[in-house]
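Reader: I am new to reading protein models, and I would like a close look at one part. Could you take me slowly through the place where the ligand sits, and then show me some of what lies elsewhere?

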Amino acid sequence: MRFFKVCFAIAAIAMLVAAPAVKAAEIVIKFSHVTSGQAHPKYLAADEFAKRVNERMKGKVRVEVYPGGQLFDDKQVLIELIKGKAVQMAAPSLSKFEAITKKFRIFDLPFLFDNIDAVNQFQASKHGKAILNSLSKKGILGLAYWHNGLKQMSAKNALLKPADAKGLKFRVQQSDVLVAQFKQLGATPQKMAFKEVYGALQTGVVDGQENTWSNIYSKKFFEVQDGVTETDHGIIDYAVIVSKRFWEGLPADIRGELETIMAEVTNDRNGLSRKLNLDNRQKVLDAGGTIRTLSGEQRQAWSKAMQPVWDQFADEIGHDLIKAARGYNM
Ligand code: LMR
């Protein structure tokens, strides 16, 4: 009997040694976003993040990018991300967070930032970090800010002075600050998903829109507008977000490696966003689009016309926060 027990034990050990090591399953991160176009800041940054993770963390983590809203639009993605099952990562524009928090409203105040460098410094400040970290209460974690760039305005007729926008219908993103901005011009704002904008401009559901050069070119908005006016009146930037439940369930070393790659990609790609938008501006011209530039005085008139929006939201956003943001324009 003892002999058989010993034989059995030896056989069991032999089987264990011979068995192939059980490999930990590869972690898949589905990254959903709504833009497209080979020269788009977000499209390229998301692809670069996936490329670096898939090379350096091969066999451990795989990032799959779903651009062009093919997985979820920006409204659905927030709901799905909190659940963390169908999608784990996204990069909605800061104006889309209105659906879950008012903390991002500061970014939509018209003529708040003079340029993307000022935006960059504000985002890197304690205030910018606090806004990103506030998402944690909502089941989402903010990993980084990604730049797109400054917004331009277009419509079915030329926009040179604020009165030119009066009576027109404009597509806006989710934020109520943007709604107020167009109301202030005597226009009618309409919230609408990004993927519906081209059709809505084409069929006259709306008459105009505001967006960055990279979105205006990649979505061909300029083709169905009279022209684009270079107003630089606001920004479209992104928060790269992950499902908190998913992220906190990852092994610490994996999380750390992903955070390192995210920081590297953010640093590399954010520095290129301005050039990419200027390239897209040139592409609009090359494709026969009309661009109208404003004199200093004309631009000042748009800024003055939109200024009451600040008064409307300043108490809620915080006067000190606005002052801090303005401070980076110097
Ligand atoms: C928009 O909806 O106009 C933008 O937020 C799209 C984007 O992600 O740049």
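Author: Let us start with a term. On a 1 Å grid over the protein atoms alone, a cavity is a set of points where a 1.4 Å probe fits but cannot get out. A molecule sits in a cavity if more than half of its atoms lie within 2 Å of the cavity's grid points. By that rule, the ligand here sits in the largest cavity.

Two notes on reading the model: it is a predicted one, where local features need pLDDT of at least 70, side-chain atom pairs count only at pLDDT 80 or more, and totals for chains, interfaces and linings use all residues. Residues are numbered from 1 along each chain as its sequence is written, and side-chain values use heavy atoms, with hydrogens and water left out.

Now to the ligand's surroundings. Residues with a heavy atom within 4 Å of a molecule count as near it, and those around the ligand include Val34, Thr35, Arg171, Phe194 and Tyr238. Lys42, Ser93 and Asn215 are also among them, and each of these has a polar contact, a pair of N or O atoms within 3.5 Å. For Lys42, a side-chain N or O atom is 2.7 Å from an oxygen atom of the ligand. Asn215 brings a polar side-chain atom to 2.9 Å from a ligand oxygen, and for Ser93 that distance is 3.3 Å. On its own the ligand has 270 Å² of accessible area (Shrake-Rupley method, 1.4 Å probe), and the protein covers 100% of it.

Next, helix 6, residues 176-184. Helices here are DSSP runs of H or I with at least four residues, strands are E runs of at least two, and both are numbered from the N terminus. At the helix start, a side-chain oxygen of Ser175 comes within 3.1 Å of the backbone nitrogen of Val177. Val177 is one of the helix's buried residues, as are Leu178 and Phe182; buried means under 20% relative accessible area, exposed over 50%, and partly exposed in between, with a 1.4 Å probe and protein chains only. The buried residues pack against partners including strand 5, strand 6 and helix 12, where contact means heavy atoms within 4.5 Å. After the helix comes Gly186, with a positive phi near 80 degrees.

Phe111 is not a glycine, yet its phi is positive, about 55 degrees. Its loop runs between strand 3 and helix 4, and Phe111 counts as buried because its relative accessible area is 10%.

Conventions
A polar contact is a pair of N or O atoms within 3.5 Å; within protein, one must be able to donate a hydrogen and the other to accept it, and residues adjacent in sequence count only if both atoms are side-chain atoms. On a 1 Å grid over the protein atoms alone, a cavity is a set of points where a 1.4 Å probe fits but cannot get out, and a pocket is an open set with protein on both sides within 12 Å along at least five of seven lines; lining residues have an atom within 4 Å of a point.
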